[in-house]
Each structure stands twice: as C-alpha cells, then as structure tokens.
Amino acid sequence: MTSLHDPLTLRCGQVLPNRIMKAALSEGLSDKQNSPDKRLERLYTSWSQGGYGLIVTGNVMVDRTQLGEPGNVVIEDERNLDALSRWAKSTKDAGVPIWVQLNHPGRQSNPLALGHTPVAPSPVALNFPGAATPRELTPAEIEDIIERFASAAVVCETAGFDGVQIHGAHGYLVAQFLSPLSNQRNDEWGGDPERRMRFLLEVVRRIRARVSPGFAVGIKLNSADFQRGGFTEDESRSVVAALAHEGIDLIEVSGGSYEQPAMMGKAADSTRAREAYFLEYARTVRSLAGDIPLAVTGGFRSRAAMHDAVQAGECDVIGLGRPTATTPDAADVILAGRAETLASHQLRAGMRRVLGRFVDLKSLDGILELSWHADQLHRVGAGLKPDLNRGRIATMVAMLRRNGTTSFGRKRGL
C-alpha cells in the first residue's frame with residue numbers, strides 16, 4: 001500500500017521523492033521591480049531542507065499591470081532571468097522539485113493601485129464594500145492573457161524550475177471564467193459550462209505546447225466556490241474530466257473564493273474535525289481524473305490523517321500551507337515521526353464586544369491570522385526564526401505598513 005514516504009512518478013516523467021507538498025503561499029517578497037530577491041532565496045532554502053517532495057511558489061503574476069497584492073513576483077519575459085534562476089536553484093540544490101504558481105488576479109487585483117481598473121470576464125464586482133467594477137475583457141485581450149501564461153511558463157523552464165501550477169481557484173481570473181456568477185458572457189468564452197472552461201483549457205494547451213515534455217504542468221482547482229448560483233461540484237467534476245485529456249501532471253483540490261473563503265479554514269466544525277476540507281470531493285473525482293495524481297490541501301495537521309488519506313488512495317499528495325510558515329520543516333516532522341500533529345496557530349481580535357458592533361469578527365480574525373502567517377514568511381526571508389509569540393498589535397501594525405488601510409479588505413493568497 002502507498003505511504004507518505006513513497007515517491008510519485010508524474011505523467012511527464014518527473015519523480016516527486018515523497019507525498020508531502022509545500023503548497024502555495026503568497027509571500028509578497030518581490031523587490032520594487034517585481035523580481036525575486038535574497039529574501040525569497042532564504043525562505044525557499046529553508047523549505048528545501050524541510051523534507052518536502054514538491055515545493056510550489058505563491059502567486060506569480062503574468063502581467064505587472066495586474067497584481068494581486070503588493071510584492072507579487074511578475075514573469076512577463078526574461079528580464080529577471082538571473083534572479084529567477086537563483087530562486088529555482090534554492091531548492092534544486094537540495095534535490096527538491098520546485099514549481100511556479102502562475103496567476104492573473106482578474107477582478108481581485110490590488111486595491112492599492114489607485115486609478116487602476118481591474119479586468120474580468122464580465123463587469124461584475126466582488127461582493128465587498130467599495131470593490132471596483134472590472135472592465136470586461138475583449139476576445140483579443142483574452143488571447144493575450146493566454147499567451148502571457150504560456151510565455152511565463154517558458155521563462156520558468158529556462159530559469160530552471162521543474163514545472164508550473166496554474167492557479168484556477170480562490171476567485172482569481174481562471175476561476176472567474178469558470179463561475180457563472182463572474183462569467184456572464186455569451187460568446188465563445190462563456191454562456192454554458194463548456195465555454196466557461198475554455199479559457200482554462202486553452203491556457204493548459206498553450207503551456208503544454210510550448211514547454212518540453214519533461215516539464216510539469218499542474219493546476220489548482222476549486223471543488224466549488226460555495227456561492228449560490230456559482231461554480232458547483234458537478235461543474236468542477238466536468239472540468240476534471242476535461243483536464244484528464246490535456247497532459248496535466250497534478251491536480252490540487254481546493255475550494256472557495258475571497259467572498260466565501262473555505263480555503264482559509266472557515267469550515268464547519270465537523271469538517272475541521274476530519275482535517276482535510278476537500279477530501280470528500282477528491283474521492284468523487286478519482287475515476288474522472290484517470291491517471292492524474294490528486295493533491296488535497298487544506299486542514300491536514302495530523303500524521304494519521306495524512307497517512308490514511310494516501311494509503312486509502314483518496315489522494316496521492318498531501319498539501320501543507322500555513323503550517324509551513326511556522327514549521328518550515330513540517331514534512332520532515334511528519335515523515336520522521338518527530339511529532340504526531342503539526343501545530344496550528346490562531347489569532348483573534350481583541351475588544352470583541354466593541355468591535356463586533358462595527359465589523360464581522362470572523363472576517364477580522366481571518367485577516368489577522370493570515371497576516372500573522374505572512375509575518376512569519378517575512379521573518380524567515382529576513383534570516384530570522386518564526387516568532388510564535390507575535391501578538392495581534394504587532395501583526396496589525398505590520399499589516400498596515402505593508403498594505404495600507406485597505407488591509408481591512410480580505411487578504412489574498414494563503
């Protein structure tokens with residue numbers, strides 16, 4: 001029977017040394033030119049020593065005029081090839097495959113970009129107070145974005161990365177095309193589930209055609225966006241069935257959006273008790289995916305739950321996100337049996353009775369928790385150890401310093 005220690009050979013021939021993946025976390029650690037710098041090299045060198053079978057970067061954008069948040073790395077061409085090569089080398093020297101998560105924010109573009117109009121499949125704003133209404137993309141612009149994904153993938157391969165992961169979840173542009181709530185087009189890019197998935201399939205095909213056969217192409221896909229009238233599990237299963245014929249090497253299952261953040265652990269108590277938020281969905285797509293391995297990220301904390309999921313064949317890879325911010329060697333902790341459960345860290349706002357009159361406390365708690373984990377990534381990038389005693393005041397100050405007052409909107413990327 002399969003164990004967490006077993007290697008996994010992907011369709012492209014790439015071999016993952018074990019079944020635990022460092023899932024994407026949005027680092028926000030680029031320099032002013034949106035290029036990776038020494039901080040990212042330090043952070044990924046730390047993770048390279050953590051025992052993972054695969055490391056996926058966070059939120060690399062394909063258009064510098066469309067950022068998800070301050071500090072995103074952008075790949076449009078080879079202008080930052082040397083820096084990208086050093087970033088890739090930071091894990092490959094340790095023998096750990098590294099993939100770049102490629103993304104376009106669509107209507108979830110950086111709210112700090114004053115005067116900037118986001119773009120999207122349709123002019124439908126996020127369901128947040130003050131969210132800007134995006135401009136509808138033209139067919140020519142859609143083709144340009146598809147080409148941007150492919151061009152970025154080619155640069156990633158040239159720089160020495162082992163693969164790319166297309167971010168098709170969490171309400172970003174690919175997910176916006178898939179959802180009938182955000183894609184209300186009636187042309188060849190929308191109008192029914194088949195046309196709504198066309199953008200994703202064209203991105204996959206364009207990338208696969210431009211990179212070498214041994215370069216991995218994966219996708220992070222929502223099980224659903226958990227919104228009434230939105231992208232459903234049945235529609236998601238249809239996407240998985242279509243991807244089975246497109247040369248995909250790994251499907252990572254997630255769920256939710258920044259309007260309904262299921263991926264941030266805002267799950268029911270019964271779901272949290274099972275640890276893996278999206279494992280039940282993964283079971284339903286095993287046969288549809290064919291021989292494409294499935295990764296499940298979200299909620300895993302105990303070695304027993306990870307072991308059982310892989311041994312039972314419910315998924316092939318365990319994705320770890322936030323635990324890797326405070327325990328950079330989380331995979332080794334589990335694989336070596338150094339602990340039965342990875343530590344979880346939660347931060348709650350103070351003055352709850354007063355604040356509760358003015359804000360949604362669950363949302364505020366979520367923002368603080370994500371910002372607290374982002375602080376840990378910045379500390380490791382600076383050559384420091386995670387600060388598990390960091391309090392909410394320090395977290396709030398750092399959050400405001402990085403992002404300004406719009407930090408109080410939902411935080412992206414973890």
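**Close-up views of a predicted model**

View 1. The model is predicted, so local features need pLDDT of at least 70 and side-chain atom pairs count only at pLDDT 80 or more, while totals for chains, interfaces and linings use all residues. Residues are numbered from 1 along each chain as its sequence is written, and side-chain values use heavy atoms, with hydrogens and water left out. E41 is joined to R86 by a salt bridge whose closest N and O atoms are 3.4 Å apart. E41 belongs to helix α1 (residues 38-48) and R86 to helix α2 (residues 81-92), so the bridge ties together parts that are 45 residues apart in sequence. A salt bridge here is a side-chain nitrogen of Lys or Arg within 4 Å of a carboxyl oxygen of Asp or Glu. Helices (H or I, at least four residues) and strands (E, at least two) are DSSP runs, numbered from the N terminus. R86 is partly exposed, with 40% relative accessibility.

View 2. The structure holds 32 salt bridges. D93 counts as exposed at 58% relative accessibility, whereas K89, at 48%, counts as partly exposed. D316 is buried at a relative accessible area of 14%, and R286 is partly exposed at 22% relative accessibility. Elsewhere, salt bridges link D63, R64, E76, D77, R79, D144 and R148 in a network.

**View 3. Helix α6 and what covers its buried residues.** Helix α6 runs through residues 198-210, which makes 13 residues. From its first C-alpha to its last it reaches 18 Å, close to the 18 Å expected at 1.5 Å a residue; the expected span is 1.5 Å times one less than the number of residues. The buried residues of α6 are F199, L200, L201, E202, V203, V204, I207 and R208. What covers them includes the helices α3 (139-159), α4 (173-178), α5 (193-196) and α7 (233-243), and the strands β9 (163-168) and β10 (216-222).

**View 4. The loop residue Ser223 and its contacts.** S223 lies in the loop between β10 and α7. With 1% relative accessibility, S223 counts as buried. Leaving out residues up to four places away in sequence, S223 touches T232, E233, S236, V253, S254, G255, F278 and Y281. Contact means heavy atoms within 4.5 Å.

**View 5. Asn34 and His170, two residues with positive phi.** Most residues other than glycine have a negative phi, and most peptide bonds are trans. The phi of N34 is near 60 degrees, a positive value in a residue other than glycine. N34 is placed in the loop between β3 (20-22) and α1, and is buried with a relative accessible area of 12%. The phi of H170 is likewise positive, near 60 degrees. H170 is found in the loop between β9 and α4, and its relative accessible area of 3% makes it buried.

**View 6. A nonpolar surface patch at Met351, Val354 and Phe358.** M351, V354 and F358 together have about 370 Å² of accessible area. Patches are made of residues with over 30% relative accessible area and no salt bridge; like charges are joined within 9 Å, and nonpolar side chains (Val, Leu, Ile, Met, Phe, Trp, Tyr) within 5 Å. Accessible areas come from the Shrake-Rupley method with a 1.4 Å probe, and for residues only the protein chains shown count as cover. M351 is located in the loop between α12 (330-335) and α13 (352-355). Its relative accessibility is 63%, so M351 counts as exposed.

**View 7. Ser371 in helix α14.** Helix α14 (residues 361-381) contains S371, which counts as buried at 0% relative accessibility. S371 and R392 are 21 residues apart in sequence; in space, their C-alpha atoms are 9.5 Å apart.

Definitions and conventions
Buried < 20%, exposed > 50% of the residue type's maximum accessible area, 1.4 Å probe, protein only.
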